[in-house]
Amino acid sequence: MFEFCITDNKYPRVHFIGIGGISMSGLAEILLSEGYIVTGSDAKDSLIIERLKNLGANIYINHKESNVNGADLIIYTDAISKDNEELVKAHSLGVPVIDRATFLGALMKNYKNSIAVSGTHGKTTTTSMLSTILNRSTLNPTILLGGQLDEIGGNVKLGSKEYILTEACEYKGNILKYFPTMAIILNVDADHLDFFKNMDHVLSTFVEYGKNLNEDSYLLINIDDASYKKIMDNTKAKVITFGIDKDADYTAENISFSEEGFPSYTLKVKDEGLYPIKLSVIGKHNIYNSLASIAAAHIYGIPMEDIQKNISIYTGVHRRQELKGYYNGIKIIDDYAHHPTEIRVTLNALKNSAVGNIYCVFQPHTYTRTKILLNSFAEAFIDADKVIITDIYAAREKDDGSIHSRDLANAISDKGSDAVYLGTFDEVEAYLLSHVKENDIILTMGAGNVYLIGDSIIAQDKDKEKAAV
């Protein structure tokens with residue numbers, strides 16, 4: 001088993017293959033703060049890479065085998081293929097080579113308390129909510145986030161060695177490489193089916209994760225999720241439940257929604273009391289995210305009055321139901337949702353407060369996910385008034401010709417929703433500008449670069465303002 005003591009300087013020079021990734025960059029920043037020499041490579045430049053360069057990292061754009069020369073430890077991201085020339089060279093050098101998740105698991109052991117937020121949906125939002133609470137407490141946690149949060153000035157916050165808070169993704173069974181002192185499981189759903197064989201495989205991975213927790217650790221789990229009992233029955237950890245439909249250790253009761261769609265509820269803490277909670281993010285799903293965040297903070301001794309105040313301050317993380325701006329009275333929102341369940345809950349939350357029509361622009365993410373979950377995707381857009389499907393964002397995959405965005409648009413139409421396929425972002429933008437009206441909502445959705453459409457439309461409105469001055 002790989003071990004990493006952050007203070008012993010056993011690996012003074014660390015090279016990251018794929019350093020521009022949101023998680024990889026956070027790990028690199030932690031090592032830079034501890035005095036390590038950090039090098040890295042990525043396919044293209046980005047704001048994240050520029051930030052790391054400014055902090056002292058030496059980063060190469062494009063992968064070349066010479067980039068790994070001199071490294072004492074090499075870390076690679078899941079997106080890197082086995083035939084990547086840097087990875088091949090690294091193995092030939094005999095230098096220790098490990099994946100990102102293995103390194104994160106080893107790094108977490110350097111902290112007295114490690115909190116890992118897992119689940120198919122809601123990881124980034126819940127980690128961000130909890131970050132907002134903990135960051136305003138005296139705990140001074142180190143935070144690794146899968147998104148950009150203004151509260152901490154980005155995707156990473158450097159804190160003490162007492163607490164580390166991180167997301168824990170199940171892809172490729174990565175959660176089995178983590179042994180946190182507090183594991184949060186939000187939900188279990190069928191996703192990443194390019195790796196998992198089926199839903200049973202997904203569930204068994206979470207069950208094994210629960211088995212890895214020791215008697216001194218905590219498992220916080222959603223009691224309303226169908227998988228909770230199997231996981232709970234197979235762990236030695238102290239189980240803390242949260243939920244809405246069933247009586248839990250932390251239960252949301254008397255739920256109501258404001259005109260904007262923001263939930264309020266009464267929090268019932270078992271054997272303790274009742275507390276009013278107000279959220280500043282929309283949707284029922286965020287009640288579950290908030291319950292997990294509140295429970296974690298409460299267990300670590302943060303006063304409930306501070307939790308109530310600080311969770312109400314949280315207004316979201318970038319790319320999660322993010323209000324990007326306006327164009328001629330049209331609200332433009334962006335969301336990272338790329339799974340049918342996430343699409344459904346996001347659209348439902350928006351529908352509850354929408355005045356005009358919702359134009360949903362969806363960029364499917366990976367051919368595998370689109371093909372395997374095609375029927376589920378087809379049924380997920382019921383609350384959109386118009387659905388526009390762009391080309392599939394390939395990410396780590398290659399197109400084998402077996403699925404196309406037209407197939408998804410046709411499947412959505414067959415289920416009774418109004419859908420159209422438009423191949424380029426320019427076509428999408430032209431379509432939107434000729435159809436949307438005041439009080440409508442443009443929702444760009446997907447894990448790729450679909451947000452650029454909204455950015456371009458907003459920029460046009462600003463250009464008009466400049467021209468009028």
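Start with the sheet: select the five strands and you'll see an open sheet with parallel pairing, ordered E3-E2-E1-E4-E5. Keep in mind while you click around that this is a predicted model. Now colour the two edges, strand E3 (58–61) and strand E5 (97–99), each of which pairs on one side only. Across the sheet, neighbouring strands are turned by 20° against each other on average, ignoring direction.

Next, zoom in on strand E1 (residues 13–17) and strand E4 (residues 73–76). These two run parallel and are joined by four bridges.

Show helix H1 (residues 22–33), which lies across E1, strand E2 (37–42) and E4. Relative to E1, H1 runs at about 170°.

Last stop: a helix pair. Select helix H5 (residues 123–135) and helix H9 (residues 304–313). Their axes come within 9 Å and cross at roughly 130°, so H5 and H9 are oblique to each other. The crossing of H5 past H9 is right-handed.

Which residues meet here? Colour the H5 and H9 contact by class and you get four nonpolar residues, two polar and no charged ones.

Methods:
Residues numbered from 1 in each chain as written. Predicted model: local features only at pLDDT ≥ 70, side-chain atom pairs only at ≥ 80, totals over all residues. Heavy atoms only, no water. Axes fitted to C-alpha atoms, helices over the stretch in contact; angles between N-to-C directions. Parallel < 35°, antiparallel > 145°, perpendicular 65-115°, else oblique. Left-handed = near helix turned anticlockwise from the far one by under 90°. Nonpolar A, V, L, I, M, F, W, Y, C, P; charged D, E, K, R; others polar. Pairing = 2+ DSSP bridges. Contact = heavy atoms within 4.5 Å.
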